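I opened my notebook to look up a few things in a structure. Come and read along with me.

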Amino acid sequence: MTIQERQNKVIADFSAYTQWEDRYKKIIEMGKALADMPQEFKTEQNMVKGCQSQVWLHAALSDKGQIQLQGDSDALIVKGLVALLLYVYSGSSPSDILATPPEFLKALGFEGNLSPSRANGLHAMLKQIKNYAMAFDYLLKSKG
């Protein structure tokens, strides 16, 4: 599935919930279902700057040139937001991540319905994913 297809699925899934309380519950469920991040990746280097909660993101490049993302947070809703971003972006090529804007965030109204600190944290996580994508894209292009 492409990033755009995953974004469309997220939009469709969340559109079923008309109340924000229900959307928060869905986000929390996603966080609870997120695979545990190995302790070895919960380092200062993988900590996302700009988040009020503790958030870790780790990226690795697969043999197929896809970014495999792992993440975690100490806050339930934020962990759910991590899970949402990993669902949309993990398993994609760096160039696809860079070329596909995060339309689902606006479509779902996250920017207007999350607290300012959570919205800032969400943007910090997205920025970190884009930074990983830029670094891996550069690495792949330099290898030729």
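First, a term I needed: the expected span of a helix is 1.5 Å times one less than its number of residues. Helices (H or I, at least four residues) and strands (E, at least two) are DSSP runs, numbered from the N terminus.

I noted that this is a predicted model, where local features need pLDDT of at least 70, side-chain atom pairs count only at pLDDT 80 or more, and totals for chains, interfaces and linings use all residues. Residues are numbered from 1 along each chain as its sequence is written, and side-chain values use heavy atoms, with hydrogens and water left out.

**Entry: the fold.** I found 7 helices and 2 strands in the protein chain. Their order along the sequence is α-α-β-β-α-α-α-α-α. Along its principal axes, the C-alpha trace spans about 50 × 30 × 25 Å.

**Entry: helix α7.** I looked up residues 116-143, which form helix α7 with 28 residues. From first C-alpha to last, α7 reaches 41 Å, close to the 40 Å expected.

**Entry: what is hidden.** I checked burial next (buried means under 20% relative accessible area, with a 1.4 Å probe and protein chains only). Of the 144 residues of the protein chain, 45% are buried. In α7 the buried residues include Leu122, Met125, Ile129, Tyr132 and Phe136. An α-helix has 3.6 residues a turn, so residues three or four places apart point the same way.

**Entry: neighbours.** Which elements do the buried residues of α7 pack against? I listed β1 (55-61), β2 (67-73), α3 (76-89), α4 (94-99), α5 (103-107) and α6 (110-113). Contact here means heavy atoms within 4.5 Å.

Terms used
Buried means under 20% relative accessible area, exposed over 50%, partly exposed in between (1.4 Å probe, protein chains only).
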